[in-house]
There are 2 protein chains.
Amino acid sequence: MRYLILAGALALAGTATLPAYAATTHIPDAAVKTAIQLRKQARHDDTAYQLVRDLTTQVGPRLAGGANDAKARAWLMARLQKMGFDRVYTEPVSYPKWVRRSESGAIVSPYRQHLVLSALGYSAGTPKGGLTAEVVAFKNLAALKAAPAAKVRGKIVYLGQAMHRFRDGRDYGRIGSPQRVAGPPIAAAKGAVAYILRSAGTDMHERIAHTGVTGFTDPAKAIPAAALSNPDADQLERELASGQPVRVHLDLDVGFDGRYTGANVVAELDGSRYPHQFIDMGGHLDSWDPGTGAIDDGAGIAIAVGAAHLIAQLPQRPARGIRVIAFANEEFGLWGGKAYARAHAKDVTGHVLGSESDLGADRIYRMSASVKPEARPAVAQIATVLKPLGVAYDPKRPGGGGSDLSQIHGVGMAALSLSQDATRYFDWHHTSNDTLDKIDRDALTQNVAVYAVWSYMAAQAKGDFGSGRGAFAGDGAGE
Amino acid sequence: MRYLILAGALALAGTATLPAYAATTHIPDAAVKTAIQLRKQARHDDTAYQLVRDLTTQVGPRLAGGANDAKARAWLMARLQKMGFDRVYTEPVSYPKWVRRSESGAIVSPYRQHLVLSALGYSAGTPKGGLTAEVVAFKNLAALKAAPAAKVRGKIVYLGQAMHRFRDGRDYGRIGSPQRVAGPPIAAAKGAVAYILRSAGTDMHERIAHTGVTGFTDPAKAIPAAALSNPDADQLERELASGQPVRVHLDLDVGFDGRYTGANVVAELDGSRYPHQFIDMGGHLDSWDPGTGAIDDGAGIAIAVGAAHLIAQLPQRPARGIRVIAFANEEFGLWGGKAYARAHAKDVTGHVLGSESDLGADRIYRMSASVKPEARPAVAQIATVLKPLGVAYDPKRPGGGGSDLSQIHGVGMAALSLSQDATRYFDWHHTSNDTLDKIDRDALTQNVAVYAVWSYMAAQAKGDFGSGRGAFAGDGAGE
């Protein structure tokens, strides 16, 4: 936080033609020129779209540890190997496996109604034949926390707080995610037999449930947990409003299933001058199973690969290498990102700057950074080149690096945040609706242009961005 | 059609204060005044909304012949009996029963993908364990019709023509409905093993399939038939575009299941002067099973009941009676409407004017009529009272009476068409998304106001509208 006041002043001073001086990181004029050229090329390049199209069509859903996990990795490695990267390899990631076999539910009284629902990650299964219990509803997480266990014991807990659409998707962090992640263990600890919630989604009129992970970590303490579609939550609330006891039946054949070892897939372009320094970017290869993982997060991988591919076609490699990481199992809790941070903490100085794309495929509207103060001029130079793409630079806001890369940022990698317009994202997030048709081809090229520009400029910068100084941990910028 | 030229001229002459003369039907001033009062009251009356809310919450889906068929009838009769009608009774309707037990499907090659689909009404089931066959795609119905049987035999036929949104919902009649109704029997006759289509719906980005009836009438000639959600149709088309043979697996446990006798539910307000003359209005009580039948067609019943309820509260009954019909089994082919027409053909003169609401709950923007020329002045008077509600009168267009009432119109009942804005309707039509939240409360009161106005004015008209003259059959106005 102490960086931020200084940073603002330096940002104002920063221009694309700032003279080089020792203490300050800057980007040479020739690199700025090339970045402008990449920006233009990216807007007419279809590589990213083709990648996410083919990934979602030829592989489809990619639940971590599921049948498509290894298939997706093999598919992506084959694809990357044909694209001019200097090196494609994997790094192992191990995590508890969770499986979804079937799921169904209904309100059984006072009025029988089918429920469209989705079991949540790390949810326990119900006993064979399902379970039926009375529902106790709480207004929000605080009310559940405050409730005496006697009110909860033996009941199905329901939380129904709704999310609304915002460009920055803020209701996911404020409402949707806590209600889904933190709520179930609290209900379980108070003796609830199951936990259901209004989907963490802004599609208020679709009979489509939003899955996602819970905060259960110990299989012995997990209870069945599921999300209802928004109209089904409305229906349940109408029955609750009748004042009569409401009983719900849940039949979830899901649960923990041993351990799985997958891998992060890494593709590298060599640096021409600093073989041990890299710019990190990427997305995550796993997806939730109901959709085909187009916006979450096929797009993220496509954007990073599309950007690196443009850089790969330049007559020569930039000074530093470019590393594209397709992370394993982000969805169940950043397992790929955590493994990457553990594996690379010792060489974090070589991870010069990083940013991951994991909020869909709509346009980037804002950049922020967590870098050393002396690198702000270089960030401001990047901002100048990004400006015509509609990206504003907010020098007062930290940059968290995105979902998985937040983990290595937490151990010292300098990072950007490139905020995408998330207005529509939570309509489709973690649902069967996460499909290719949600990707706007033009918006995708804007993302590719942004990633090509910043990664190339950072790779060509004179001076570093502060990685390895241990100064970014806990700056609260994780996404 | 020969009425229409004359009608235009008379419509121009028609005003709310037209003097009464023998040959011309008109509405007395006092009735016009009361209609204006009803129009105002309706806009603040919540009766219709409460009815459709409770029907969809307390009963839910109402598949014709299914478990909720009798339940819905009993529920509605009990409700109507408390609402001040003079008579509530049923008239039997018999039809072949069709059941849906389970349905699933997938593309199995070249790339395995789960398919979101819904079996269609009167579809045959697949053999136990499902069937797998290669897909042959046709651009549209004409191409399927023109195809040699050799190209179709043993294959799964796919039609993928898309609908677009229009206020008058025209693509349903032009594309969606023919592709779903006419297509399957044509494919079956050419030896196809199954038929799949792009859902007849305008929600291009929802993984939600639109069910609906096919044209199969003989169980022995039916083949399995199902609709894919729009994004699943896109996925299938991408696989077809790969040029490789595409094989699909379908497992539909559905089919004809004997015969069922249900009933139309009729609620009447007595006429104070003409006990054997009625104004007919209503909707259909059955719905498709995936949703709760809110817009199709709980709303139609609610609108008619809401309107009649306002009239019931007037100090005295209008000259003619008001009849609200909640039709049985519209969805599988107007079974309730056909039974009603058969039962009442002999007394069609007593069905003075009719119109059914069956295109959702959005605002009515246009009125048209099929009446005798001498009744046009009265229709113009109705139009004058409806105008402040945003309803335009098109005197050149026939009025078909709506879905079920089109049948008695076909045997001579004079009829109106009250066209609702269908821009959003086909996003939700015949899907799990047909739920209460799709109903705009204010738009619903506009519909109630329109139905209260026209039905009351017609019930008070001096002179008739031409029912029983045998002149309306085949005027092409059926909806």
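I count a contact when two C-beta atoms, placed from the backbone, lie within 7 Å. Helices here are DSSP runs of H or I with at least four residues, strands are runs of E with at least two, and both are numbered from the N terminus.

The model is predicted: local features need pLDDT of at least 70 and side-chain atom pairs pLDDT 80 or more, while totals for chains, interfaces and linings use all residues. Residues are numbered from 1 along each chain as its sequence is written, and chains are lettered from A and ligands numbered from 1 in the order written.

Next I took the geometry. The axes of α12(B), residues 376–386, and α15(B) are 10 Å apart, at an angle of about 150°. That makes the two helices roughly antiparallel. The cut-offs are under 35 degrees for roughly parallel, over 145 for roughly antiparallel, 65 to 115 for roughly perpendicular, and oblique for the rest. Axes are lines fitted to C-alpha atoms, for helices over the stretch in contact, and angles run from 0 to 180 degrees between N-to-C directions. The crossing of α12(B) and α15(B) is right-handed. Right-handed means that the near helix is turned clockwise from the far one by less than a right angle; anticlockwise is left-handed.

**α2 against α15, chain B**

I then checked α2(B), residues 29–42, against α15(B), residues 441–460. Their axes come within 8 Å and cross at roughly 160°. This pair is therefore roughly antiparallel. The contact includes Ala31(B), Leu38(B) and Ala42(B) of α2(B), and Thr445(B), Ala452(B) and Gln460(B) of α15(B).

**α15 in chain A**

I turned to α15(A). Its 20 residues reach 29 Å from first C-alpha to last, close to the 28 Å expected. The expected span is 1.5 Å times one less than the number of residues. Of the 20 residues, 17 are buried. Buried means 20 or more other C-beta atoms within 10 Å of a residue's own, exposed means 12 or fewer, and partly exposed is in between, with C-beta atoms placed from the backbone.

**α11, chain B**

Is α11(B) enclosed or open? Of its 10 residues, 8 are buried, so the rest of the structure largely encloses α11(B). Trp335(B), Tyr340(B) and His344(B) are among the buried ones. The buried residues pack against several elements of chain B, including β1 (87–109), β8 (247–269) and α13 (405–410).

**Asn140, chain A**

I found Asn140(A) in the loop between β4 (131–138) and α5 (141–146). Asn140(A) is partly exposed, with 14 other C-beta atoms within 10 Å. Beyond neighbours within four places in sequence, Asn140(A) is in contact with Leu159(A) and Gln161(A). Ala162(A) is 22 residues away in sequence and 9.7 Å away, C-alpha to C-alpha.

**Chain A overall, and the interface**

Chain A has 15 helices and 14 strands. Its C-alpha trace spans about 75 × 45 × 40 Å along the principal axes. Buried residues make up 59% of its 479 residues. Of contacts between residues at least 6 apart in sequence, 84% join residues at least 24 apart.

Last, I checked where the chains meet. 21 residues of chain A are in contact with 21 residues of chain B. α9(A) gives the most to the chain A side, with 5 residues.
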